[in-house]
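Dear colleague,

I am handing over the structure that we spoke about, and below it you will find what was found in it. Please open it beside this email while you read.

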Amino acid sequence: MSNNLCAVNLLLEKCIEAKSMKPIEATDSGLQTALHKASKEGHKDVVRVLLQYGADETAEDMYGRTPLELAKEYNHDEIYQLLDTKSLILQLLPDTSQELLDNCVDKLCAKDLMRVVCLTKDCLRVRGDLGAILEFKAELQTMLLYKSCYEVQLRLPNGHAVELPAEWDIIDLKEGVKRVKLDKDRDKVEYDKIKDAFGATVKSVQIIAIERIQNPALYLQYAAKKYTMEQKCADCEKLLYHGTTKEAIEKINVQGFNRCFAGQNAAVYGNGVYFAVKASYSAGATYSKPDSEGHKHIYVCLVLTGSYTAGKQGMKVPPPKDPENEAVLFDSVVDKTTDPSMFIVFHDSQAYPKYLITFKEAASN
């Protein structure tokens with residue numbers, strides 16, 4: 001395949017004039033597109049141009065391989081990085097100023113962290129570094145250039161897209177992590193679902209607040225881990241509880257559940273991060289220690305438990321499923337394999353702090 005950029009650009013410009021993008025979509029007998037071939041042969045600049053003109057990076061050849069997988073297979077690291085990014089699709093307002101939009105795009109693309117994949121009078125699609133995309137989205141919002149958007153996505157190697165939760169508020173990049181206090185009325189369905197599940201085992205308490213934790217980078221890491229685990233375990237995710245202290249909240253919100261702090265309360269079943277099936281277990285003073293105001297704190301967590309077995313003190317990773325094959329491990333461990341009351345995970349991306357419940361003991365009559 002020729003690496004003649006001028007010829008590639010000219011061809012694509014002529015396609016646009018003719019309102020046809022068939023050369024980009026065309027495949028050979030092996031169902032490989034131009035992007036497949038450029039990715040395989042290491043033509044980085046051609047890959048960049050093809051992406052700018054809207055080439056489909058998720059297309060599969062006859063063997064089910066995407067351009068990203070070919071770049072990885074043939075050790076083209078720079079092309080792999082070009083393809084292995086996040087994307088954002090915005091539906092633009094009809095009266096959007098092209099000059100204003102161009103200035104905004106040029107400013108952020110100059111950082112070489114983001115690129116425009118497709119730009120028409122109605123739609124803009126960008127790909128790149130997650131932080132750059134969130135900054136771009138925030139800037140466009142302040143200029144009121146778009147009326148709707150498809151949230152930031154993470155593209156996995158086979159083209160599967162992982163999106164941020166639909167209920168999330170828009171993230172301010174300067175905050176990085178956003179704590180959204182749920183309103184009992186405005187967010188009634190979401191609030192009541194969390195409150196009722198918590199109240200099923202925790203009695204005689206007053207809920208002070210339920211906050212949704214929005215950390216895009218942390219969530220996308222979790223979602224990617226979930227996708228890979230789902231390939232071998234259909235029912236791999238549980239909603240569990242984790243009691244904590246006021247001092248640890250900010251660290252967890254930003255970093256997630258770091259195993260470096262494992263064992264501060266108890267490590268009977270291994271040196272991982274512990275999650276309880278019932279909120280009442282995490283609500284105890286051992287795990288949810290009251291602060292100076294008497295407030296206690298529990299996270300409602302998404303946890304990838306996957307396949308599990310009984311844990312033991314001193315474990316640093318789950319044991320192998322087969323003693324003769326130590327490379328294949330269980331995904332987590334438990335206190336007991338029959339009706340477990342707690343799960344312990346050893347990989348930081350296997351848990352996401354979805355909600356934070358702040359509560360206190362109800363005043364006695």
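**The paired strands**

Pro320 has Leu329, in strand 13, as its bridge partner. Strand 12 (residues 320–322) and strand 13 (residues 325–329) run antiparallel and are joined by two bridges, where strands count as paired if DSSP finds at least two bridges between them, and a hairpin through two residues links strand 12 to strand 13. Helices (H or I, at least four residues) and strands (E, at least two) are DSSP runs, numbered from the N terminus.

Please keep in mind that this is a predicted model, in which local features need pLDDT of at least 70 and side-chain atom pairs count only at pLDDT 80 or more, while totals for chains, interfaces and linings use all residues. Residues are numbered from 1 along each chain as its sequence is written, and side-chain values use heavy atoms, leaving out hydrogens and water.

Buried means under 20% relative accessible area, exposed over 50%, and partly exposed in between (1.4 Å probe, protein chains only).

**Helix 9**

The buried residues of helix 9 are Glu190, Tyr191, Asp192, Ile194 and Phe198.

With regards
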